[in-house]
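Student: Hi! Could you walk me through the side-chain pairings and the packing here?
Tutor: Happy to, let's have a look together.

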Amino acid sequence: MPATAYLRVVQNYNVPVQSTRTAGPYSLTYDVTDKKVIARLAAMISALPVAPDQNIAVPCTSSMGPAYELDFRDSKNAPDTADAAIVCFGVDVTVGSHLEPTRTMGPMGDTHFLSEVEALLDPFMPKAG
């Protein structure tokens, strides 16, 4: 997973929206330009082991949201260098046009991994108000 200068984040939710009490899904899109944060996310994803079963078909429950789509780019308008889709069963990684094997959050645990991702991205999330 290459560390780039720019990261587009799409945070997908499948849970009820508290303010409207309507069911999701909805998404939040924002950008990250902090190279240290981008490098840390790239390193975390690269360190994940390949899932032993590449035919994973685990349904995602609403309690697993948000899932993240991370688009690594060299600049805002550049094409994606790599993409990581963080879903409840693992992380799907595409580098260039090559889909890599799915990675598992197994040893770290999905809750711990998602918490670390959320903590890194939280300062960049648009705040309601």
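Student: What do the side chains of R8 and D31 do?
Tutor: They meet in a salt bridge, 2.4 Å from N to O. The term stands for a side-chain nitrogen of Lys or Arg within 4 Å of a carboxyl oxygen of Asp or Glu. This is a predicted model, where local features need pLDDT of at least 70, side-chain atom pairs count only at pLDDT 80 or more, and totals for chains, interfaces and linings use all residues. Residues are numbered from 1 along each chain as its sequence is written, and side-chain values use heavy atoms, leaving out hydrogens and water.

Student: Which parts does the pair tie together?
Tutor: R8 lies in strand β1 (residues 6-13) and D31 in strand β2 (residues 26-32), so the linked parts are 23 residues apart in sequence. Strands here are DSSP runs of E, at least two residues, and helices are runs of H or I, at least four, numbered from the N terminus.

Student: How many salt bridges are there in the whole structure?
Tutor: The search finds four. Among them, R73 pairs with D80, with the closest N and O atoms 2.6 Å apart.

Student: Is R73 buried or exposed?
Tutor: Buried, at 13% relative accessible area, while D80 is partly exposed at 30%. Buried means under 20%, exposed over 50%, and partly exposed in between (1.4 Å probe, protein chains only).

Student: Switching topic, what is L70 in contact with?
Tutor: Leaving aside neighbours within four places in sequence, its partners include L7, V9, I45 and L121; contact means heavy atoms within 4.5 Å.
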